[in-house]
Amino acid sequence: MDIFSKIAAGEIPSYKCAESDKFYAFLDINPLAKGHTLVIPRREVDYYFDLEDGEIAEMAVFAKKVAKAIKAAFPCRKVGMAVLGLEVAHAHIHLVPMQTEGDMNFANPKLKLSPEEFEEIARKIREKF
Ligand code: AMP
């Protein structure tokens with residue numbers, strides 16, 4: 001199993017934001033902003049565009065609900081969505097609260113947060129989901 005499959009299975013700890021039978025959402029540990037969340041399918045697929053058509057559609061609907069929860073918990077202009085996948089070989093969507101376009105620059109320095117801060121952020125998103 002890859003690292004994100006282990007996270008979705010609960011074998012590796014994560015700051016869970018939301019889950020369904022097919023998808024799992026958790027905080028990125030190197031966040032661009034408070035509320036930066038990853039959405040993954042439980043099924044092991046490396047490349048996002050190798051997902052089945054229906055899977056992409058269902059994942060988008062799940063990500064939409066997560067994005068609404070993020071925006072409710074962390075007021076922002078919009079929640080941005082990005083797919084990179086160069087680091088971890090398990091398809092995932094980044095959801096990032098944005099105030100400006102520059103907030104989506106993945107070369108930006110990442111926030112350093114304590115475990116307590118991560119847990120509080122995840123709890124706020126779970127409450128709104
Ligand atoms: P990329 O594959 O380029 O989209 O980047 C992978 C993202 O996953 C990075 O933003 C990492 O900070 C994040 N990441 C890697 N391992 C973990 C983990 N164990 N828990 C949460 N986020 C992670």
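Some ground rules. Residues are numbered from 1 along each chain as its sequence is written, and side-chain values use heavy atoms, without hydrogens or water. Because the model is predicted, local features need pLDDT of at least 70 and side-chain atom pairs count only at pLDDT 80 or more, while totals for chains, interfaces and linings use all residues.

Start with the shell. 16 residues surround the ligand, each with a heavy atom within 4 Å of it. The closest are Asp28, Asn30, Glu87, His92 and His94. Ten residues of the shell are nonpolar, four polar and two charged. Here Ala, Val, Leu, Ile, Met, Phe, Trp, Tyr, Cys and Pro count as nonpolar, Asp, Glu, Lys and Arg as charged, and the others, Gly among them, as polar.

Now the ligand's oxygen atoms. For Asn30, a polar side-chain atom lies 2.8 Å from a ligand oxygen atom. Glu87 uses a backbone N or O atom, 2.9 Å from an oxygen atom of the ligand.

Which elements give two or more residues to the shell? Helix H1 (3-8) and strand E2 (23-27). Helices need at least four residues and strands at least two, as DSSP runs. H1 gives the largest share, three residues.

Last, the rings. Phe4 and Phe26 pair edge-to-face, 5.2 Å centre to centre, with 80 degrees between the planes. Ring centres must lie within 6.5 Å, and planes over 60 degrees apart count as edge-to-face. Phe4 is in H1 and Phe26 in E2, so the pair ties together parts 22 residues apart in sequence.

Key:
A polar contact is a pair of N or O atoms within 3.5 Å; within protein, one must be able to donate a hydrogen and the other to accept it, and residues adjacent in sequence count only if both atoms are side-chain atoms. Rings of Phe, Tyr and Trp (its six-membered ring) pair if their centres lie within 6.5 Å; planes under 30 degrees apart count as stacked, over 60 as edge-to-face and the rest as tilted.
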